[in-house]
Each structure stands twice: as C-alpha cells, then as structure tokens.
Amino acid sequence: MSYTKLKGSEPEPLIIDDIVYKVISKDNVQSIYQLFENNSRFFSLPFEYFQRGTLEDDDLDLNLSLISFDPTLNKPIAAFIVVRRKGVNENYCFFKGCVVDKQYRRQGLGSKMLLELLRRLKEKGITQVIYGPSVPEYWQPGVDIRNTSLYFFLKKHGFKSHRAIFNLTVSLNAIDKKPVRNKHGYIYERVQPKDFKKTFEFVKQHFPNNTWADEVNFSFKLQPPSTFIAKDENNEIVGWATHSQFFPGSFGPTGVNELLRGKGIGTELFLWCLWDIKQKGLDRCEIMWVEGNTVKFYSKTFGAYISPIFYPMYKKIKYNKIH
Ligand SMILES: CC(C)(COP(=O)(O)OP(=O)(O)OC[C@H]1O[C@@H](n2cnc3c(N)ncnc32)[C@H](O)[C@@H]1OP(=O)(O)O)[C@@H](O)C(=O)NCCC(=O)NCCS
C-alpha cells in the first residue's frame, strides 16, 4: 500500500510499509510532544505535564505506545500513547492520546497503527481497550467530541460509547478579590509540606473508593503545591481542593468532611483555587468530570457552563474460542 504526503504543494510518494515504529524515549519525547501540540486543536499541555503523563507514568506501556516515524525525515508523524492500570484491571489498557500529523491523515496510517495495536493487545491477552479516564493520571476523560475525526476513526474501528462525561468551564473575569484566610471559624491555606501526609490521609479516609488521594499527591510535586486546605480551630483538616493537577487551570478533585457540608467550605476552597489559577495568568478554569446536580450548582453559583464534553470509548477484544 502506498500513500502520498504533501511537502509544500508537491506531493511526495511514500511507502506506508516503510514507516518504522519507535519506542518513546528521553531522546524523542520532545518531538512527540511537538507532534501532539501541533495537531491537537482543542487541547494544549506544557511539556512537563506531557513528560509526567508519558515517560514518568510507571504504567506507560512502551510496547503498546506506537510511535510512527517518517523513515526519510526521521521525525514522528503519528503516536498512540497507551497505559495499563494494574490497579484498575490488568486486562485493560487505556489510550491517553492518539494523533496522526495533519499532512499524513486520511491515508490509512491511523488504521494501520490501530490494527498493529490490536495484534499486540492480543499477544498480551488484553480484553478491552479504552479511550477514557486512566485514573489517577490522565489528560482527558474520553474523546473530546469536537475532535470529530478521532470520534469517527474509533467508531469505524468498533469502539462504542454509552455515556458522556462533562467538564465545566468557568471564566475567571469576575475573580478580582483575594479570598480571605479566616472565615466562619475555618482557616484556608495552601498546603505546606508539613501537612502533605495529613492531607493525603484525609482524602484517603473520606474518599476511600476512588483514586483522589493519588491525584492530590501529584499536586504536592508542583511548585508551589496546587492544593488548598481548610482547617478547623483544632487545626484539623476538614476539606481540600486541588487545581492544575491534570493540566494548568484544571480543577479537582475536591471534598469536605461529610458532617460539615453545606457551610460554604467547598465554595471557599474553590475560590482559592480560582484565585490561584488567575495569578498564573489564565483566564479560565476547567472543572473536571462533574456529575448530576453538581453541574447545576457550579452553573448557578459561578456561571460555569458545560464544555468540553467527552465520550469514553471502548472496544472489547475478540478472541477465537479454542475447541
Ligand atoms: C483520528 C486520526 C488519528 C485518524 O488517523 P488517519 O491516519 O487520518 O486515519 P485513517 O486514514 O486510517 O482513517 C480511518 C477512518 O477515520 C475516520 N476519519 C478520519 N478522518 C476523518 C474526518 N476528518 N472526519 C470524519 N472521519 C474521519 C474515517 O472513518 C476514516 O475511514 P474512511 O476513510 O473509511 O471514512 C487522525 O485524523 C487525527 O490525528 N485526528 C486528530 C486527533 C486528535 O484530535 N487528537 C487530539 C487528542 S490526543
């Protein structure tokens, strides 16, 4: 099979079978990052976040993360970033990102790579591939449906979706006053190293059934840490809110001790995060993965609106039965 690529206005023939797969490594991670940045219309990440989500993600599967190189130009032209989360299900794998360079699209390259990926998945006995939230470390919880080509590409290859996940966008225009440190008997502050352990344990204790504690842990590695905590008069942590853990300007996770909900502690923590995000020069905050009535709460209280919308998409891998 052959396809053409445009160089200037001159198409140059290239043989698709000449494409070589390389493994993502320290030497090429910067150029793979550039490939994503140049081709992601609705999403952008600083390099440190990309690196953390790829080479520094212990669950990155180097064999399943296919990187196609143009053999003559020796540059990456397409990439699938794939992780396995043994903590979730060792038989599943997750797409974190999937991109083909614009000038190489619609020529079967994405499909060829997907078939190669499926072949490798079968070798490993993987039963499901998911373009969705690879908790605790992911960039997006599914396919941003504005990425129309990606949505149809996965659909064509048998991926299905049964639900949508909403992020909410909030403008920071109205955030012009620094929130107060003391309010109604609670103290609000940026988490300091001396409280890292206590904060982690608070999250684990109050939200044991998800990976929020690990997500909060990531924020401790940022400079300065992007988690705010609320304490009562006994210096006990009663709630927290984290931002910029997934990407700069993202919000979540957050939580308040169940017995103290409805007192405005969560709102105050949220305002601290919005303020902090604004100080970094951003004009919007994206609240991650909001469900049910919480959407209405953020909409009524802060003028948040639903955007973007994600479809987690999955494909079950078929194995021929052995008789
Ligand atoms: C999705 C993508 C990886 C497909 O790669 P590709 O090499 O162009 O794919 P193929 O040539 O193998 O196309 C296969 C199928 O994808 C779908 N597709 C590709 N481009 C499409 C488009 N612009 N609109 C609708 N469907 C499209 C079609 O179903 C196509 O099959 P068809 O030709 O029989 O209609 C590529 O278009 C891409 O990189 N898009 C942007 C992805 C993105 O936004 N990533 C950011 C998040 S990480």
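This is a dialogue on how to read some features of a predicted model.

Visitor: What should I know before I start?

Guide: The model is predicted, so local features need pLDDT of at least 70 and side-chain atom pairs count only at pLDDT 80 or more, while totals for chains, interfaces and linings use all residues. Residues are numbered from 1 along each chain as its sequence is written, and side-chain values use heavy atoms, with hydrogens and water left out.

Visitor: Which residues touch the most other members of the largest nonpolar core?

Guide: A nonpolar core is a set of buried Ala, Val, Leu, Ile, Met, Phe, Trp, Tyr and Cys residues joined through side-chain atoms within 4.5 Å. Buried means under 20% relative accessible area, exposed means over 50%, and partly exposed is in between, with a 1.4 Å probe and protein chains only. Here the largest core has 30 residues, and Phe-80, Phe-95, Leu-109, Leu-117, Leu-121, Tyr-131 and Leu-154 touch the most other members. At least two residues each come from strand S5 (75-83), strand S6 (92-100), helix H3 (109-123), strand S7 (128-131) and helix H4 (148-156). H3 gives the most, with 6 residues. Those labels are DSSP runs numbered from the N terminus: helices are H or I with at least four residues, strands are E with at least two.

Visitor: What does Phe-80 touch?

Guide: Contact means heavy atoms within 4.5 Å. Leaving out residues up to four places away in sequence, Phe-80 touches Leu-64, Ser-65, Leu-66, Ile-67, Phe-95, Gly-97, Cys-98, Gly-110, Met-113, Leu-114 and Leu-117. There is also a second, separate core of 28 residues, which includes Val-170, Leu-172, Ile-265 and Cys-285.

Visitor: How do I read helix H3?

Guide: An α-helix has 3.6 residues a turn, so residues three or four places apart point the same way. In H3 the buried residues are Leu-109, Gly-110, Met-113, Leu-114, Glu-116, Leu-117, Leu-118, Arg-120 and Leu-121. For its span, the expected value is 1.5 Å times one less than the number of residues. The 15 residues of H3 should therefore span 21 Å, and the end C-alpha atoms are 21 Å apart, which agrees. Just after H3, Gly-125 takes a positive phi of about 75°.

Visitor: In what order do the strands of the open sheet run?

Guide: Two strands pair if DSSP finds at least two bridges between them. In this model, 9 strands form an open sheet with mixed pairing, in the order S8-S16-S9-S15-S14-S13-S12-S11-S10. Strand S8 (143-144) and strand S10 (182-183) stand at the edges with a single partner strand each, so one side of each has no neighbour in the sheet.

Visitor: And away from those edges?

Guide: Strand S9 (residues 165-171) is largely enclosed by the rest of the structure, because 5 of its 7 residues are buried. S9 runs antiparallel to strand S16 (residues 305-311), joined by 4 bridges, with Leu-168 opposite Ile-306. S9 also pairs with S15 in the antiparallel sense over 5 bridges, where Thr-169 stands opposite Glu-286. Further along, 5 bridges join the antiparallel strands S12 (residues 227-231) and S13 (residues 237-243), and Lys-231 stands opposite Ile-237.

Visitor: How many disulfides does the structure hold?

Guide: A disulfide is a pair of cysteine sulfur atoms within 2.5 Å. A search of the whole structure finds 0. Cys-273, for instance, is in no disulfide, and its nearest cysteine sulfur, that of Cys-285, is 7.8 Å away. Cys-273 counts as buried at 0% relative accessibility, and Cys-285 is buried at 1%.

Visitor: How should I read the backbone angles?

Guide: Most residues other than glycine have a negative phi, and most peptide bonds are trans. Two non-glycine cases to look at are Asn-74, with a positive phi of about 50°, and Trp-289, also with a positive phi of about 50°. Asn-74 is in the loop between strand S4 (67-70) and S5 and is partly exposed at 48% relative accessibility. Trp-289 is in strand S15 (residues 284-290) and is partly exposed at 27%.

Visitor: Where do I look for cis peptide bonds?

Guide: One joins Val-135 to Pro-136, with omega near 5°, and Pro-136 is in the loop between S7 and S8. Another joins Gln-223 and Pro-224, with omega about -10°; Pro-224 is in the loop between helix H6 (212-219) and S12.
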